[in-house]
Amino acid sequence: MITITREQVQGILSKEISPAAVCAGGDIVVFETRDCYDDGIVSEDRPMGDKTDPIENPATGPLYVQGAEPGDILKVEILDIRLKAAGVMQTVPGAGVFGGDFAACSARIFPIEGDRAVFDAHLKLLLDPMIGVIGTAPAGEGVTTDTPDRHGGNMDCRKIVKGSVLYLPVFVKGALLSIGDLHGLMGDGEVLICGLEMAGEVTVRVQVLKGVCLPTPFLYSRGSVMTIQSADTLDEAGDLAAKAMKAFVMQAAGRSDEEAGMLLSLMGQMAVCQVVDPKKTIRMELPLSVLEAWGYRLP
Ligand code: CA
Ligand code: CA
């Protein structure tokens, strides 16, 4: 098994970055990840963290997948997500939905007991581990790991969990997959600008799909398929996600434009992934069973 260590991180997804590891299609790979504060916040008394020049949202990688060529799709099965011991949250004046309410930076470190985060003596929250940053290298300029886009990146989609399958576009030879920014728990919107930020390890199986048409980034999770689209505004991201799913339903199930639209209005769930990153992210979900009624099977 290939492991990419927590030392091999960067703050940008770019074709210019040399691979941290090379694998073949079908291989299982472990990505050890730092938290989004570069593992720098270790005391609530020092909410800015202890590192002089931390990498924001460090992503581990990139992984070069042999045989991946531009135009292919990289199928990433999330086999496991294991979290380290504690979760961190930070409030930052000027950042996130509530940034105007905070006078100073603060941080909390939440202990984990079993499968729960201890918020305080009254409240323990059930964890639902997810991946915040996961993406391939973009075709052109690199994209920093705070930003989501067509390559994936900082999508902060809380449906990217153990057991889900993410389909990412391949823009450059080898795909160059990177993963980071694990959250032990996060609500849709990520309104504060962080989830329960945790270091950890992600185990994936990667496969290269050729001649397959999917509106990437495309996710199968917990019985539903979903398009995930990011744009400057939520309105734009919502339009992109819904239209990508409609085109997919027409192609996958052989439905007309009108029928696909009706199906999405009946059974589609549009949801906000996050509203706090440089681009906003919306997902459009549809139960896979709807498509299976017409014989569709996921690649
Ligand atoms: Ca994030
Ligand atoms: Ca995060």
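The exercises below, each with a worked solution, concern the predicted model shown above.

Residues are numbered from 1 along each chain as its sequence is written, and chains are lettered from A and ligands numbered from 1 in the order in which they are written. Because this is a predicted model, local features need pLDDT of at least 70 and side-chain atom pairs count only at pLDDT 80 or more, while totals for chains, interfaces and linings use all residues, and side-chain values use heavy atoms, with hydrogens and water left out.

**Exercise 1. Describe how helix 1 and helix 2 are placed relative to each other.**

Step 1. Two packed helices are described by the angle between their axes and the distance between the axes. Helices here are DSSP runs of H or I with at least four residues, and strands are runs of E with at least two, numbered from the N terminus. An axis is a line fitted to C-alpha atoms, for helices over the stretch in contact, and angles run from 0 to 180 degrees between N-to-C directions.

Step 2. The axes of helix 1 (residues 234-253) and helix 2 (residues 257-267) come within 9 Å and cross at roughly 125°. Angles under 35 degrees count as roughly parallel, over 145 as roughly antiparallel, 65 to 115 as roughly perpendicular and the rest as oblique, and helix 1 and helix 2 are therefore oblique to each other.

Step 3. On the helix 1 side, the contact (heavy atoms within 4.5 Å) is made by Ala242, Met245, Lys246, Val249 and Met250, and on the helix 2 side by Asp257, Ala260, Gly261, Leu263 and Leu264. The residues of this contact divide into 7 nonpolar, 1 polar and 2 charged, where Ala, Val, Leu, Ile, Met, Phe, Trp, Tyr, Cys and Pro count as nonpolar, Asp, Glu, Lys and Arg as charged, and the others, Gly among them, as polar.

Step 4. Gly254 belongs to the loop between helix 1 and helix 2. Gly254 is exposed, with a relative accessible area of 54%; exposed means over 50%, buried under 20%, and partly exposed in between, with a 1.4 Å probe and protein chains only.

**Exercise 2. Work out which residues hold the calcium ion (ligand 1) and the calcium ion (ligand 2).**

Step 1. Donors are N, O and S atoms within 2.8 Å of the metal, or 3.2 Å for Na, K and Ca, and water is not among the atoms, so sites may look incomplete.

Step 2. Asp156 lies in the loop between strand 15 (152-153) and strand 16 (165-169) and Asp181 in strand 17, so the pair ties together parts that are 25 residues apart in sequence.

Step 3. The calcium ion (ligand 2) is coordinated at 2.2 to 3.0 Å by Asp181 (OD), Asp181 (OD), His183 (NE2), Glu197 (OE) and Glu197 (OE), and its donor residues are spaced D-x1-H-x13-E. Since Asp181 lies in strand 17 (residues 175-183) and Glu197 in strand 18 (residues 197-198), this pair ties together parts that are 16 residues apart in sequence.

Step 4. The calcium ions (ligand 1 and ligand 2) are 3.3 Å apart, and Asp181 coordinates both. Asp156 and Asp181 are both buried, and Asp181 and Glu197 are likewise both buried.

**Exercise 3. Describe the surroundings of Leu63.**

Step 1. Leu63 lies in strand 6 and is buried, with a relative accessible area of 0%.

Step 2. Leaving aside neighbours within four places in sequence, the residues in contact with Leu63 include Ile4, Cys23, Phe31, Leu176 and Val206. Leu63 and Cys23 are 40 residues apart in sequence and 7.2 Å apart in space, C-alpha to C-alpha.
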